[in-house]
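The comments follow the structure shown here.

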Amino acid sequence: MAEKVSRRMKILVACEFSGIVRDAFAKRGHDAMRTDRLEIYNKYQGHCAYCGRKITFKQMQVDHYWPKYLAHFQPGQKNHRPDNLMPSCQKCNIHKHRMKPEEWRLELARQVTMLRKNAQFNRALIFGQIEITEKPIIFYFEQLNRRIKNHGGGE
Ligand SMILES: [Zn+2]
């Protein structure tokens with residue numbers, strides 16, 4: 001009987017210890033995650049990588065530029081690597097969802113076509129309240145890259 005109690009104590013001690021270790025790992029993981037999130041947030045100085053709107057750190061959602069599911073089809077492709085993680089506003093992240101970047105760009109470009117089926121949109125268009133620009137969809141980070149290419153280093 002005494003032996004049983006002793007074994008039980010050992011198990012309890014082991015559980016307690018593993019809890020401490022687990023907590024320590026969880027804390028380290030959390031801190032690392034926060035650091036990563038901060039790096040991602042600072043990638044475009046607090047702007048959504050896609051629409052360019054200013055977002056707070058708390059509002060930021062981390063988007064996978066190449067969707068996570070592609071990792072299953074491309075063995076060895078690490079879609080969680082930092083260069084694949086983009087700071088995103090909630091609206092962009094929700095709309096992009098599982099689309100590849102070019103699929104999403106086409107989807108965004110199709111929005112005007114879909115809006116033309118809406119009576120209110122057409123009325124607002126007729127009365128000059130809105131204007132269709134036909135501008136290509138260029139993500140904020142792409143605009144930044146172009147500016148850096150055009151104005152940064154070299155001739
Ligand atoms: Zn956005």
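Which residues form the largest nonpolar core?

1. Core. The largest nonpolar core consists of nine residues: Cys48, Ala49, Tyr50, Ile55, Met60, Met86, Cys89, Cys92 and Phe139. A nonpolar core is here a set of buried Ala, Val, Leu, Ile, Met, Phe, Trp, Tyr and Cys residues joined through C-beta atoms within 7 Å. A residue is buried if 20 or more other C-beta atoms lie within 10 Å of its own, exposed if 12 or fewer, and partly exposed in between, with C-beta atoms placed from the backbone. Of the 155 residues of the chain, 10% count as buried.

2. Basis of the model. This is a predicted model, in which local features need pLDDT of at least 70 and side-chain atom pairs count only at pLDDT 80 or more, while totals for chains, interfaces and linings use all residues. Residues are numbered from 1 along each chain as its sequence is written.

3. Confidence. The mean pLDDT (the predictor's confidence in each residue, from 0 to 100) is 80 for the chain, and 68% of the residues score at least 70. Confidence is lowest in helix H1 (residues 2-42), with a mean of 57, and highest in helix H3 (residues 90-96), at 97. Over residues 11-26 pLDDT stays under 50, and the model has zero contacts there beyond four places in sequence. Where pLDDT is low, the predicted coordinates should not be read in detail.

4. Architecture. The chain has seven helices and two strands, in the order α-β-α-β-α-α-α-α-α from the N terminus. Helices (H or I, at least four residues) and strands (E, at least two) are DSSP runs, numbered from the N terminus.

5. Contacts of Cys48. Beyond its neighbours within four places in sequence, Cys48 is in contact (C-beta atoms, placed from the backbone, within 7 Å) with Arg53, Ile55, Pro87, Ser88, Cys89, Cys92 and Tyr140.

6. Helix H7. The end C-alpha atoms of helix H7 (residues 140-151) are 16 Å apart, which agrees with the 16 Å that its twelve residues should span at 1.5 Å a residue; the expected span is 1.5 Å times one less than the number of residues.

7. Backbone at two loop residues. His97, in the loop between H3 and helix H4 (101-109), has a positive phi of about 45 degrees although it is not a glycine. His97 counts as exposed because it has 11 C-beta neighbours inside 10 Å. Glu134, in the loop between helix H6 (119-126) and H7, has a positive phi near 60 degrees. Glu134 is likewise exposed, with 7 other C-beta atoms within 10 Å.

How values were computed:
Contact = placed C-beta atoms within 7 Å.
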